[in-house]
Amino acid sequence: GSINVVGAGTTIEGNITSKGDVRIDGTLIGSIKISSKLVLGPSGKIEGNIEAKSADISGKLVGNAHVSEILYLKSSSRVHGDILTNKLVVESGGEFNGKCEMGKSAIPIDSINKSKEAVGQ
């Protein structure tokens, strides 16, 4: 898969969709939906919602996070929003303000919709 990088000093306004890994060291004002891994570097900032298979957050997220597998909040992370994930790891010093729901309820929304369509609901 591809690796996409938003470098430090770069600001993107708009939504990002990708099937490959994404690393953000700059600023994203908008939502991001990827089917792989998201890395938000220490200098990175996202103002919008994220949806990813897995994520490592070291920067600032102002928005909700939907991570279907595992979400790592590193010691420098600052998250202001709700989290929906299967597994959560928070390093000492990491900040999280919002509500968190964990476990099987973190299955990606697309998978739930596809299974309902298959059953005819």
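Me: How many bridges join strand S8 to strand S11, and how do the two run?
Reply: Three bridges join S8 (residues 45-47) to S11 (residues 60-62), and the strands run parallel. Strands here are DSSP runs of E with at least two residues, and helices are runs of H or I with at least four; both are numbered from the N terminus. Two strands pair if DSSP finds at least two bridges between them.

Me: Before we go on, what kind of model is this?
Reply: It is a predicted model: local features need pLDDT of at least 70, side-chain atom pairs count only at pLDDT 80 or more, and totals for chains, interfaces and linings use all residues. Residues are numbered from 1 along each chain as its sequence is written, and side-chain values use heavy atoms, with hydrogens and water left out.

Me: Back to S11. Which residue there is the bridge partner of Lys-45?
Reply: Lys-60 is the partner of Lys-45.

Me: What is the strand order in the open sheet of six strands?
Reply: The order is S2-S5-S8-S11-S13-S15, with parallel pairing. S2 (11-13) and S15 stand at the edges. Each has a single partner strand, so one side of each has no neighbour in the sheet.

Me: By how much are neighbouring strands turned against each other?
Reply: By 5° on average, direction ignored. The axes are lines fitted to C-alpha atoms, for helices over the stretch in contact, and angles run from 0 to 180 degrees between N-to-C directions.

Me: Now S4. Which side chains point to which face?
Reply: They alternate along S4 (residues 21-24). Val-22 and Ile-24 point to one face and are buried. Buried means under 20% relative accessible area, exposed means over 50%, and partly exposed lies in between (1.4 Å probe, protein chains only).

Me: How does S4 pair with S1, and how with S7?
Reply: S1 (residues 3-6) pairs with S4 in the parallel sense over four bridges. There, Ile-3 has Asp-21 as its bridge partner. S4 and S7 also pair in the parallel sense, over three bridges. Val-22 stands opposite Leu-38 in S7.

Me: Change of topic. How many salt bridges does a search of the whole structure find?
Reply: Six. A salt bridge is a side-chain nitrogen of Lys or Arg within 4 Å of a carboxyl oxygen of Asp or Glu.

Me: What about Asp-56 and Lys-37: what is the N to O distance?
Reply: Their side chains meet in a salt bridge at 3.4 Å, N to O. The pair links distant parts of the chain, with Asp-56 in S10 (residues 54-57) and Lys-37 in S7 (residues 37-40), 19 residues apart. Asp-56 is buried, at 15% relative accessible area. Lys-37 is partly exposed, at 32%.

Me: And which parts does the pair of Lys-53 and Glu-69 tie together?
Reply: Lys-53 lies in the loop between S9 (50-52) and S10, and Glu-69 lies in S12 (residues 65-73), so the pair ties together parts 16 residues apart in sequence. This salt bridge is 3.9 Å, N to O. Lys-53 is partly exposed, with a relative accessible area of 38%. Glu-69 also counts as partly exposed, at 38%.

Me: Where are Arg-78 and Glu-95 in the chain?
Reply: Arg-78 is in S13 (residues 78-80) and Glu-95 is in S15 (residues 95-97), 17 residues apart. They form a salt bridge, with the closest N and O atoms 3.6 Å apart. Both are partly exposed: Arg-78 at 28%, Glu-95 at 35%.

Me: Cys-100 next. Which strand is it in, and what does it contact?
Reply: Cys-100 is in S16 (residues 100-102). Beyond its neighbours within four places in sequence, Cys-100 contacts Ile-83 and Leu-88. Cys-100 and Asp-82 are 18 residues apart in sequence and 5.8 Å apart, C-alpha to C-alpha.

Me: Last one. Is Thr-85 buried or exposed?
Reply: Thr-85 is buried, with a relative accessible area of 0%. Thr-85 sits in S14 (residues 83-90). Its side chain reaches the backbone oxygen of Val-67 at 3.0 Å.

Notes: Contact means heavy atoms within 4.5 Å. A polar contact is a pair of N or O atoms within 3.5 Å; within protein, one must be able to donate a hydrogen and the other to accept it, and residues adjacent in sequence count only if both atoms are side-chain atoms.
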